[in-house]
Structures are given as structure tokens and as C-alpha cells.
Amino acid sequence: MAVSYEHKLLYRHEGPLDMENLPYIVQTMDRLLHSEGLRPPFRRKVVSALIELAQNIIRYGAPDEVRPPLLSLARSEKGFVLTAKNLVHYSQEIFLRSYLTNLMEMSRDDLEKLYNTTLTEGSMSEKGGAGLGLVQVIFKADEFSYELTPADEQYSWFTVKASFSPGV
Amino acid sequence: MSDLSLSENLYIEPTFTTPEIRFEPSKQYFFIGGNSYPENSLKFYTPVLDWMRHFVEKHSPLPDQTIVLEVRLEYFNTSTAKVLLDLFRLFETLQEKGQPVRIRWVYLAEDTEMEDAGLDYQVAVKVPFELVPLNE
């Protein structure tokens, strides 16, 4: 059976995610992209997005040993697709939908303005986030999508997909 | 690292997720290099910013010497990007006190993403900000 080129999985981490194993995941993904012949600016886009998505999971994801988060990188026809999936408490859904819908409707110019304004005038959260991670991922990705699907009565699966094309 | 403000130099060893920090006032040379994606950038950089604020407050300007901050980062997260701007603002304050300063943003020549990040800072900060591309 032929493996679909559009969905060739290059890397998959499904398990506990913390600041202890994140450097290993970052290094592995960087080496993988290097071995695929990708140059530094492209690797930086993808790996920086990985770091932001992973740290959002570490800071805000619902910890659940039985249903841990997932990070993956796949090759697609146009380039590479980074996927981050984790459980979130249902109370976070309304915020996430509203925040992401707003960001995804913005033009690139407006996203850049928001990034620069938040960088220069925004404040840091208690957990050390700057409110810039998803803005940067959406700005740098060629395509971005998300899904929130019920996992049980209290939690939902939050899945983010960011696509990057080396030629763009 | 309990009382950084009393040290003449500031040195923090690098880890996989945090950079080497080497601030050496006697050499007019300040350096940040490596990865910077701590989980909580504010927590990691607060002692650095406190040390720098103390230095700015106590420093007597040396008009014939330039204090250089060299930034040579690999991967860094967006919260680090924000804290770096706070650090650069302290170099602005140092300059306002009459101390010549210069920030050197060092990156791989082909890494246009890092060049763009440097260009954004160059616009945002009011001190001489030099982009230094390196060939591998």
C-alpha cells in the first residue's frame, strides 16, 4: 500500500510535555528539517512555531496523564504541517474561539501591527507569556486552522495546525 | 545568584533553554547568546533586568568609551522578544545619561528571519543598533 506523500509523518511526540523534554523535541525537529535540506530561515519559522505552541500547552493545557498532548510534523504537498493537540478545560473554549477567530480574520498588516504593539506596550502574564505566541504563529504560517472538539463533559481537544511552505 | 546587584560582573551559564549572559562593565562588553525559550521569561530575566537597572543607576558615564551589547541568539520565544526590548530600553537610558552605547545583533547571514527581527528592534530602539550578518 502506497503511503500518501501528502501526509508523510516525520515526527510525532505523544506523551507528557514539559520544559525537561521540550529541548529534545526542539533539537530533533530542527535536525529533521535540516536533514530535509531546509535552510535556517525556514527552520526558524517552523521551530519557533513549535516552541510557541508547546509552551502554550505547558502553560495553559489541562494536565491529563491518560490523554497527553500531541506534537507532530508531517510533510505535505506544499511543505510541512505542524500539529499541536491538547486537552483544554471547557471554560477556555469561548476565549479560544473568540481570540483565534479574531486573529484569523486579521490582515497580515494588522497582525504585524498587533504583534509590534503588544511587544512594545503589552504586559507579561504571571505564567511568563507575552500574549504574542499565537499571533506570531498565525503571522508566520502560510495556513493556520484550529479545532475544538468535545473530549468529555469537562474537557475538549484543542487542535492547531500550522502549515509552512519553503518556497513562500 | 542571590545578590546580583552587588557583583561587578554578571554571569549566567547557558542551559538548553536559557542563554549565556555575560555582562562585563570593566570591558564595556555585555553578551547574550544561545537559546532563550524559558517557560517563564519574566522570571528568568528579572534578575538580569534588576542587575542592569542597578548598573544604569550607579554608572558614571565614560564619554570616550562605548559599551557594547552583543546579542547572538539561536532559538528564542516571543516572551524573550518582549523582555529583550525592556533590556534595550535600559541601554537607551544609559545613553541618555551620556554613555555611548551600541547594540550588535549577530545572526547567520542567510537567516532572513533573524535579520527581520533585528530590523524591527533597530526601528524600535533609539540607540545605535548594528546588524551583523555572519557567514557559516
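Two strands are taken to pair if DSSP finds at least two bridges between them, and helices (H or I, at least four residues) and strands (E, at least two) are DSSP runs numbered from the N terminus. The structure is a predicted model, in which local features need pLDDT of at least 70 and side-chain atom pairs count only at pLDDT 80 or more, whereas totals for chains, interfaces and linings use all residues. Residues are numbered from 1 along each chain as its sequence is written, and chains are lettered from A and ligands numbered from 1 in the order in which they are written.

In chain A, 6 bridges join β1(A) to the antiparallel strand β2 (residues 70-75), and within this pair K8(A) stands opposite R75(A) of β2(A). Both strands belong to an open sheet of 5 strands with antiparallel pairing, whose order in chain A is β1-β2-β3-β5-β4. Because β1 (8-14) and β4 (143-150) of chain A stand at the edges and each has a single partner strand, one side of each is left without a neighbour in the sheet. Neighbouring strands of this sheet are turned by 15 degrees against each other on average, direction ignored.

Not counting residues up to four places away in sequence, Q154(A) touches H89(A) and Y90(A), contact being defined by C-beta atoms, placed from the backbone, that lie within 7 Å. The C-alpha atoms of Q154(A) and H89(A) are 6.0 Å apart, although the two residues are 65 apart in sequence.

Helix α3 (residues 93-105) of chain A lies across β3 (80-89), β4 and β5 (155-164) of chain A and runs at about 160 degrees to β4(A); axes are lines fitted to C-alpha atoms, for helices over the stretch in contact, and angles run from 0 to 180 degrees between N-to-C directions.

Helix α5 (residues 133-140) of chain A is mostly covered, with 6 of its 8 residues buried, namely G133(A), L134(A), V135(A), Q136(A), V137(A) and I138(A). The cover over these buried residues includes α2 (40-60), α3, α4 (108-121), β4 and β5 of chain A, together with α2 (78-96) of chain B. The axes of α2(A) and α5(A) are 9 Å apart and the helices pack at an angle of about 150 degrees, so α2(A) and α5(A) are roughly antiparallel (angles over 145 degrees). This contact is made by K45(A), A49(A), E52(A), L53(A), Q55(A) and N56(A) of α2(A) and by G133(A), Q136(A), V137(A) and K140(A) of α5(A).

Between the chains, the contact takes 22 residues from chain B and 24 residues from chain A. On the side of chain B that touches chain A, the elements giving two or more residues are α1 (41-58), α2 and α3 (112-124) of chain B, and α2(B) gives the most, with 5 residues.

Note on methods. Two residues are in contact if their C-beta atoms, placed from the backbone, lie within 7 Å. A residue is buried if 20 or more other C-beta atoms lie within 10 Å of its own, exposed if 12 or fewer, and partly exposed in between; C-beta atoms are placed from the backbone. Angles under 35 degrees count as roughly parallel, over 145 as roughly antiparallel, 65 to 115 as roughly perpendicular and the rest as oblique.
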